[in-house]
Amino acid sequence: MFRKIIVIATALLLAATAAAAMDHSGHNMKAPEGKKIRTVTLNGHRLEYRLIDMKEKARQKGLKVAPGMKSHHLMLYVIDEKSGKMVADGRAGYLVTAPGGRVQKVMAMKMNMGYGGDIDLAGGENRVKVKFVAGGTKIVDEFTISNQ
Ligand SMILES: [Cu+2]
């Protein structure tokens, strides 16, 4: 009996954690939001990136900037050029290198047919390397985001 309770409690905790994780950015993912910062076609797939300034968003909504909150949220949408459909069953990861050399590794989460992850952008040119994998498709994209 006791064991069963622990199992249920663990399951509930996991569910709660998953729900919190999905809500990490606090933005409504139903409509693509943020600024479109890049579109590129690689390996038969169109990659579209959108960047959300989290602090600006918090200000607009009159919300407090939570301590430790990342400065930006980077969304990636992948469209198969042949079918014209979104590829929503892949995995995406970001490697962000700040001008000072600090490296952040972020595993993007699936959200709204795309992939999203919170990143800290330092002032200046931040290098971003994106790896995307879906089935037999592997894509590596590299670009810079300038944060003035
Ligand atoms: Cu997102």
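Biologist: How do you know that strand 4 and strand 8 pair, and in which sense do they run?

Modeller: This is a predicted model, in which local features need pLDDT of at least 70, side-chain atom pairs count only at pLDDT 80 or more, and totals for chains, interfaces and linings use all residues. Residues are numbered from 1 along each chain as its sequence is written. Two strands pair if DSSP finds at least two bridges between them, and strand 4 and strand 8 (residues 124–134) have seven, in the antiparallel sense, so they are called paired. Within this pairing, tyrosine 94 stands opposite valine 130.

Biologist: What makes strand 4 and strand 5 partners as well?

Modeller: Strand 4 (residues 91–97) is joined to strand 5 by five bridges, and the two run antiparallel, with leucine 95 opposite lysine 105. They form a hairpin with five residues between them, where glycine 101 in the turn has a positive phi of about 105°.

Biologist: Why is strand 5 called hardly covered?

Modeller: A residue is buried if 20 or more other C-beta atoms, placed from the backbone, lie within 10 Å of its own, exposed if 12 or fewer, and partly exposed in between. In strand 5 (residues 103–107), zero of the five residues count as buried, whereas 18% of the chain's 148 residues do.

Biologist: What is counted as a strand, and how many does the chain have?

Modeller: Strands are DSSP runs of E with at least two residues, and helices are runs of H or I with at least four, numbered from the N terminus; the chain has nine strands and two helices.
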